[in-house]
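Please read them with the structure open.

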Protein chains: 2
Amino acid sequence: MLNRFAKEKSDFLSKKDKSRKGSIDKGIIRLVSLINSKNDYYTTSSCAGRIVLLEMHSSKKYECHWILAKHEKVKFNEIFNALKNHKSKNEVWLKQQPVILHVACMDIEASKMLLESAQKVFKRSGIISIKENKVMLEVIGSEHLETLIKKGRIMPDEEYLKELVKRANYNFGENRKKIGKFERLLQNIL
Amino acid sequence: MLNRFAKEKSDFLSKKDKSRKGSIDKGIIRLVSLINSKNDYYTTSSCAGRIVLLEMHSSKKYECHWILAKHEKVKFNEIFNALKNHKSKNEVWLKQQPVILHVACMDIEASKMLLESAQKVFKRSGIISIKENKVMLEVIGSEHLETLIKKGRIMPDEEYLKELVKRANYNFGENRKKIGKFERLLQNIL
């Protein structure tokens, strides 16, 4: 008979993907599969990192509208055209967000082991909840770019916007390399 | 006789403040004192939030130079003059960083209690290490602004730079309000 954790894992992984995107990012599939292949762990959500344009309806995160969301590097023209074609006086922010991965762990010991490995690559990682039946670990990257980019007009000039896109793409690439590094690390220890 | 945690707490809190600033931020003193007044906890580092200008010598965080670091709201002219007077071709970033607080907790139970309270205000908080003698909790805010602002020239025009400074100050204020909220919450439950 399955133990409680194994039962929850099996139930969870057989459910439909409820993310906006509806599927696991290509850049993180192997890492997610590796973790899910181990009895002590299963992933509950993951994003390999993304570059987004967000229209803010207020300062609250949940009152916003996604103009663009890319789970890969972006081209200057994609960003520029999305900004140009978006008619609104609301603030628009450019955000490059790093990898984020939530892992359910069987117990404290299992979470501690995974946390210590994760921190070798993603030092911001931490345990975000401890329940009787599972411990939740958040693995999160540290490369960020997050700035106001439009308010009525596109605020950076073309050269500046190109630099911002270049930095967002650079950070995105660094973040991807770290996912690979973490995957290789786990292959050796899990 | 003191137990091991109480002994470490007493040793730690009697040491000299080793932060860059050399003292606890005014905006977080009451919260830090409240936590340190409880037997199960002590704070090992804290920052109430800040607005900084950083010159990057490379993409590595430790290879950078602080042009300006303010633990309060900034004026447009402070930022503008600091940028104008700084002669270097290296990238300069403007970063508004939220509160960060590290708390040593006596055991898992104590850390779980504080984590669950912290997450009501600072949802990114997490346990960052579990050792035999203590559990470390990181309380961290989520308001961020982090962008490239100079590369040879000051890249935003004056109106744009004013908007960035305004947003950095707004976020800083929101972050401060949350510190107060967390303090009141802890007064009721600790």
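1. **Basis.** This is a predicted model, in which local features need pLDDT of at least 70 and side-chain atom pairs count only at pLDDT 80 or more, while totals for chains, interfaces and linings use all residues. Residues are numbered from 1 along each chain as its sequence is written, chains are lettered from A and ligands numbered from 1 in the order in which they are written, and side-chain values use heavy atoms, with hydrogens and water left out.

2. **Chain A overall.** Chain A holds five helices and nine strands. Helices (H or I, at least four residues) and strands (E, at least two) are DSSP runs, numbered from the N terminus. Their order from the N terminus is α-α-β-β-β-α-β-β-α-β-β-β-β-α. Along the principal axes, the C-alpha atoms fill a box of roughly 60 × 30 × 25 Å.

3. **Burial and contact range.** Of the 190 residues in chain A, 48% are buried. Buried means under 20% relative accessible area, exposed over 50%, and partly exposed in between (1.4 Å probe, protein chains only). Take the contacts in chain A between residues at least 6 apart in sequence: 70% of them join residues at least 24 apart. Contact here means heavy atoms within 4.5 Å.

4. **Nonpolar cores.** The largest nonpolar core has 50 residues, and Phe182(A) and Phe182(B) touch the most other members. Such a core is a set of buried Ala, Val, Leu, Ile, Met, Phe, Trp, Tyr and Cys residues joined through side-chain atoms within 4.5 Å. Beyond its neighbours within four places in sequence, Phe182(A) contacts Leu31(A), Leu114(A), Ser117(A), Ala118(A), Val121(A), Phe122(A) and Val139(A). Another core, of 48 residues, lies apart from the largest one; among its members are Val92(A), Met155(A), Leu164(A) and Val165(A). In soluble globular proteins, nonpolar side chains tend to be buried together.

5. **Helix α2 of chain B.** Which residues of α2(B) are buried? In this helix (residues 29-36) they are Leu31(B), Val32(B), Leu34(B), Ile35(B) and Asn36(B). Their cover includes α1 (4-14), β1 (41-47), β5 (100-105) and α5 (158-189) of chain B.

6. **Symmetry.** Chain B superposes on chain A by a rotation of 180° with 0.0 Å of shift along its axis, at RMSD 0.0 Å. The two copies are thus related as by a two-fold rotation axis.

7. **Interface.** Chain B gives 39 residues to the contact and chain A gives 39 residues. The buried area between them is about 3,200 Å², with 49% from carbon and sulfur atoms. That area is the accessible area (1.4 Å probe) that two parts lose on being put together, summed over both. The rule finds 10 salt bridges across this interface. A salt bridge is a side-chain nitrogen of Lys or Arg within 4 Å of a carboxyl oxygen of Asp or Glu. On the side of chain B that touches chain A, the elements giving two or more residues are β4 (91-97), α4 (108-121), β6 (126-130), β7 (135-140), β8 (145-151) and α5 of chain B. α5(B) gives the most, with seven residues.

8. **Salt bridges between chains.** Arg153(A) and Glu159(B) meet in a salt bridge (2.8 Å, N to O). The pair runs from strand β9 (residues 153-154) of chain A to helix α5 of chain B. Arg153(A) is partly exposed at 29% relative accessibility, and Glu159(B) is partly exposed at 49%. Arg167(A) pairs with Glu91(B), the closest N and O atoms being 3.1 Å apart. Here helix α5 (residues 158-189) of chain A meets strand β4 of chain B. Are these two residues buried or exposed? Both Arg167(A) and Glu91(B) are buried. A network of salt bridges links Glu91(A), Lys151(A), Glu163(B), Lys166(B) and Arg167(B).

9. **Salt bridges in total, and one within chain A.** Over all chains the count is 34 salt bridges. One of them joins the side chains of Lys134(A) and Glu8(A) (3.6 Å, N to O). Lys134(A) sits in the loop between β6 (126-130) and β7 (135-140), and Glu8(A) in helix α1 (residues 4-13), 126 residues apart. Lys134(A) is partly exposed at 21% relative accessible area, and Glu8(A) is partly exposed at 22%.

How values were computed:
Copies are superposed by least squares on the C-alpha atoms of residues with pLDDT of at least 70 in both.
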